[in-house]
Amino acid sequence: MRQTINFSLLFILLFFSINLTANCSEPRPRVGLVLGGGGAKGAAEVGALKVLEELDIPIDYIAGTSIGAIVGGLYACGYKSEDLETLFLSQQWLTLFANRNTSVGGNIIDEREGTLYILGFPILRTKDKDKNKMPKDSTDVTTGGIGLFSGKQITELLDSLTKPYDGIKSFDQLPIPFRCVAVDMKTQEEVVMDSCELELAMRASMAIPGAFKPVRWKGRILVDGGMQNNLPVDVVRAMGADVVIAIDLEQAEHEDRDFSLKETLGIGGLLDWAVSRPDWKKNKANREDADVCISPDLAEFDVSSFSKESIGRMVLRGEKATREKSKEIKALLKKK
């Protein structure tokens with residue numbers, strides 16, 4: 001009889017032990033972070049990251065567009081919010097983007113060492129004209145084509161910051177798996193970049209057409225991903241995220257447009273995009289698909305607000321908006 005009781009007690013203890021172990025080993029939801037585009041307003045994303053770190057929110061995947069690709073790519077490499085804030089405050093961003101040659105002086109048009117300058121800004125590298133004609137199946141990554149700014153200095157900065165990950169075959173090999181969005185200028189197709197030189201992927205994602213020279217990759221001419229997908233929630237979902245936290249730098253939810261105008265006019269390229277604005281429609285869908293969408297109040301700032309004072313204030317706005325969503329974020333992680 002005693003043996004039967006002992007056996008029963010042992011069975012009960014074993015049963016509860018197995019269930020307790022099962023509950024403890026239940027995987028937490030995988031968290032995806034989405035960082036939208038918006039130029040200098042990306043400083044608010046740094047503020048959001050500061051609060052997510054304070055809340056000890058784990059980040060399993062990151063997707064970003066334009067400035068969000070730069071912030072996200074560096075964060076995926078292991079930089080923390082404190083590092084990124086220092087970077088934002090310490091760099092002369094407008095100078096980096098412009099890459100202006102002050103040695104040209106007062107000359108309106110000048111050519112030096114094979115580069116044509118207008119008011120000191122590099123417009124075309126004449127020695128590289130033939131290099132721009134790349135075979136369709138080329139896997140090389142270069143910059144070239146028409147654009148007011150070459151973006152050489154910003155590319156060199158990003159290259160220096162991502163050196164430890166030179167030669168990786170996939171962005172999944174970063175400390176946090178990463179994707180960034182660009183657009184094929186010829187086809188107007190969205191391109192999700194998951195490999196190649198990391199600094200050039202980030203550079204492609206921020207190449208505003210006409211302002212920055214595009215990036216040539218695998219026969220494509222890549223420009224700013226914001227033309228098609230400025231808040232790539234769908235991209236981070238495809239990576240495997242169960243919970244998505246999105247930081248949207250746009251200040252208004254755009255209304256759906258009448259897309260028949262595009263078909264009526266029959267125009268293509270950038271004009272076609274300007275009429276249909278597919279980015280607005282996708283941004284709305286992605287906002288709705290995000291589990292938490294953080295929208296800092298940045299109405300008084302614009303994409304070129306790179307002064308230290310503006311950056312400091314935008315970081316604080318990002319912190320404030322994220323703190324307001326902190327309970328919602330924690331509740332989601334428990335619920336999933």
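The axes of helix α6 (residues 152-161) and helix α7 (residues 198-205) come within 8 Å of each other and cross at roughly 140 degrees, where axes are lines fitted to C-alpha atoms, for helices over the stretch in contact, and angles run from 0 to 180 degrees between N-to-C directions. Helices (H or I, at least four residues) and strands (E, at least two) are DSSP runs, numbered from the N terminus. The model is a predicted one, in which local features need pLDDT of at least 70 and side-chain atom pairs count only at pLDDT 80 or more, whereas totals for chains, interfaces and linings use all residues. Residues are numbered from 1 along each chain as its sequence is written, and side-chain values use heavy atoms, with hydrogens and water left out.

Helices α6 and α7 are therefore oblique to each other, given that angles under 35 degrees count as roughly parallel, over 145 as roughly antiparallel, 65 to 115 as roughly perpendicular and the rest as oblique. The crossing in which α6 passes α7 is right-handed; a crossing is left-handed if the near helix is turned anticlockwise from the far one by less than a right angle, and right-handed if clockwise. On the α6 side, Ile154, Thr155, Leu158 and Asp159 meet Glu199, Leu200, Met202 and Arg203 of α7, contact being defined as heavy atoms within 4.5 Å. By class, four nonpolar, one polar and three charged residues make up the contact of α6 with α7, where Ala, Val, Leu, Ile, Met, Phe, Trp, Tyr, Cys and Pro count as nonpolar, Asp, Glu, Lys and Arg as charged, and the others, Gly among them, as polar.

The contact involves Ala43, Ala44, Gly47, Ala48, Lys50, Val51, Leu52 and Glu54 of α2, together with Ile311, Met314, Val315, Gly318, Glu319, Thr322 and Arg323 of α12. Eight nonpolar, three polar and four charged residues take part in the contact of α2 with α12. Within this pair, Ala43 of α2 counts as buried at 0% relative accessibility (buried means under 20% relative accessible area, exposed over 50%, partly exposed in between, with a 1.4 Å probe and protein chains only). Not counting residues up to four places away in sequence, Ala43 touches Phe88, Ile311, Met314 and Val315. Glu319, which is found in helix α12 (residues 308-323), is also buried, with a relative accessible area of 11%, and, with residues up to four places away in sequence again not counted, touches Gly47, Ala48, Lys50 and Val51.

The largest nonpolar core has 63 residues, and those with the most contacts inside it are Leu33, Ile62, Leu174, Phe178, Met193 and Ile245; a nonpolar core is a set of buried Ala, Val, Leu, Ile, Met, Phe, Trp, Tyr and Cys residues joined through side-chain atoms within 4.5 Å. Helix α3 (residues 67-76) gives the most to this core, with seven residues. Leaving aside its neighbours within four places in sequence, Ile62 is in contact with residues including Leu33, Leu35, Gly72, Tyr75, Ala76, Phe178 and Val236. In α3, 10 of the 10 residues are buried, so the helix is largely enclosed by the rest of the structure. Val71, one of the buried residues of α3, lies 28 residues from Ala43 in sequence and 8.7 Å from Ala43 in space, C-alpha to C-alpha.

Positive phi values were found at several positions. Just after α3, Gly78 takes a positive phi of about 115 degrees. Most residues other than glycine have a negative phi. Asp56, although not a glycine, has a positive phi of about 60 degrees; Asp56 lies in the loop between α2 (43-54) and β2 (61-65) and, at 66% relative accessibility, counts as exposed. Cys196, in the loop between β9 (190-193) and α7, likewise has a positive phi, near 85 degrees, but counts as buried at 18% relative accessibility.

Over the protein chain, the secondary structure comes to 13 helices and 14 strands, and buried residues make up 49% of the 336 residues. Of the contacts with a separation of 6 or more, 73% are accounted for by residues 24 or more positions apart.
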